Amino acid sequence: MRNTIAGKKKSISYSKWGYFFLAPFFIIYFIFNLIPLFSTFYNSFFENYRIGLMQVGPKFVGFSNYIEIFTNSNVPRYAVNTLIMWLMGFVPQLLVSLLLSVWFTSSHLRLKGQNFFKTVIYMPNLIMAAAFAMLFFTLFSDSGPVNDILISMGVVDTPYRFLTIKGSARGLIALMNFLMWYGNTTILLMAGIMGIDESLFEAARIDGASSLQVFFRIILPLLLPILVYVMITSLIGGIQMFDVPQILTKGDGLPDRTTMTLIMYLNKHLFSRNYGLGGAVSTLIFLITAVLSFIVYRITMKNYFSSSKKGDK
Amino acid sequence: MANEKLSLNIHRAVCYIVLVLLTLISLFPFIVLVINSTRLHSEILKGFSLLPGTAFLRNCRNLFTDDNIPMLKGLANSVYISALTAFLTVYFSAMTAYSVHMYRFKGRNVAFRFIMLVMMVPPQVSALGFLRLVIKMHLMDSFMPLILPCVAAPVVFFFMLQYMEASLPFEIVEAARVDGSHEIRTFNTIILPIMKPALAVQAIFSFVTSWNNYFMPALIINSKDKKTIPIIIAQLRSAEYMKFDLGKVYMMIFVAIIPLMIVYLILSRHIIKGVTLGSVKG
């Protein structure tokens, strides 16, 4: 239809409506995202904070906020905290999700009650992280239900003080992240496995491949792009880790700031209106996430164009 | 043959055991939450029990009549912000997707690639500039800066675009044009109804995201009667926790979590289907 001259004319006369419908997104994005982003960059080059009622700056100081961050502050330490806690949650999350997604899609096993299990494991993803963290704080407090159960089973004599020990405090945060995200990852991986050509499994079965061989030689290599996608999106999410450790540790990163994340540090500066250091840390996080986002963009676009081509003709 | 069957059954049994264990771990916090929300402070202090108590309504009354915790107001604020956010997000994301899907204008491809490129950039990186902007616009301590930015939601846009490509034929729009329907009218009365399933799923996701949001609201809202549920919950942690009535604490978390969970359980089929649509598939 669009090949005829009349059709062409029509599509030209309507095309201005494209801009009209596109405008709200770009106006809002420009005002509330782009301008703030550049204003954040700009602020990172100024000394601008308050001590009590006294305002210091704004005074242009070049890169000294960045130098401050890398040398004098604990930012590298908080970055490592964030990374460790992300890994502690992500590694088990990926392993469990891989296992579950293979089981759920196996035509050999034909597990029952799949909808029930999927519903249950996805559920924590929708929970308010603030409330979830508060719930965990209550459950794992010195006189909370978990300590009650541990004592009555004779595992410990005195309450185990989870938030005073580095390993268990980080472990709790990782556990919460694991619980909130493994269902989501399982569902993504399942979609990936179901996209694999059934005839490959058929051929492997005829050749007498064991289920382990099928997993390592067929599923894993073909799933690789999705695994990369899952890992990078999860890392971007991990860098944003805030609600859970903030509320679990009262914003202090207990014990001794070993659970303090990058965004918790940023949040402190936003509250105290320290725009220089806050800006520098924001810019740093932006640079890291921008690189990661670009990888996700490449994967998504490649996938989008190949699937729309498939759908066309 | 019998051997093979036996090993399959063992394999299956292992799967079910692991699944049941994971289910228990996933449900454990919620089970304790529901049970303890029915018990009095004194009962909770005595230790954990699997038997629910009888004080559910009493805890509920205690919570909502506590003048120090603006729970009712918080609920109203959260519902108001989340509902408006959900509406604006789905309406304008559908509109943006419609523009990219339906019209062939100059710069269309650039616009599309731009939206896809910024999709994963976390909002926290521009939070500082955003906060300064909000201060300059005199919008601190108001709902506006929490609601308005959601008009630009790249992830929802991408979901809508994929949905349109799968189920919105050009012919319908052509037919509407022949009938003399105005473009805006076509979008509102013909396109949106076709998009209903996608709108519903994304409205739920946007509602939940906004409902759970803590970072930005905590920086923008100050006054007591404008606080949202996550802020109220977070305050619980920063106050002297030990002084609190634990029955009330559990009830607060209950109110923040359980109503949404019930909605989720009713609609879970559609929601789980929606999870995969907006992202990379095989």
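Begin by selecting A:Trp17, A:Phe20, A:Phe21, B:Phe87, B:Tyr91, B:Phe92, B:Tyr98, B:Tyr103 and B:Phe187, which ring pairs link into a cluster. Rings of Phe, Tyr and Trp (its six-membered ring) pair if their centres lie within 6.5 Å; planes under 30 degrees apart are stacked, those over 60 edge-to-face, and the rest tilted.

This is a predicted model, in which local features need pLDDT of at least 70 and side-chain atom pairs count only at pLDDT 80 or more, while totals for chains, interfaces and linings use all residues. Residues are numbered from 1 along each chain as its sequence is written, chains are lettered from A in the order in which they are written, and side-chain values use heavy atoms, leaving out hydrogens and water.

Over all chains, there are 45 aromatic pairs. Select A:Phe215 and A:Phe216: their ring centres are 5.0 Å apart and their planes stand at 80 degrees, so this pair is edge-to-face. Return next to B:Tyr91 and B:Phe92, whose ring centres are 5.2 Å apart with planes at 90 degrees, so they too are edge-to-face.

Now display both chains. The contact (heavy atoms within 4.5 Å) takes 111 residues from chain B and 106 residues from chain A.

Finally, select B:Ala175, which is partly exposed at 39% relative accessibility. The C-alpha atoms of B:Ala175 and B:Met144 are separated by 39 Å, with the two residues 31 apart along the chain.

Key. Buried means under 20% relative accessible area, exposed over 50%, partly exposed in between (1.4 Å probe, protein chains only).
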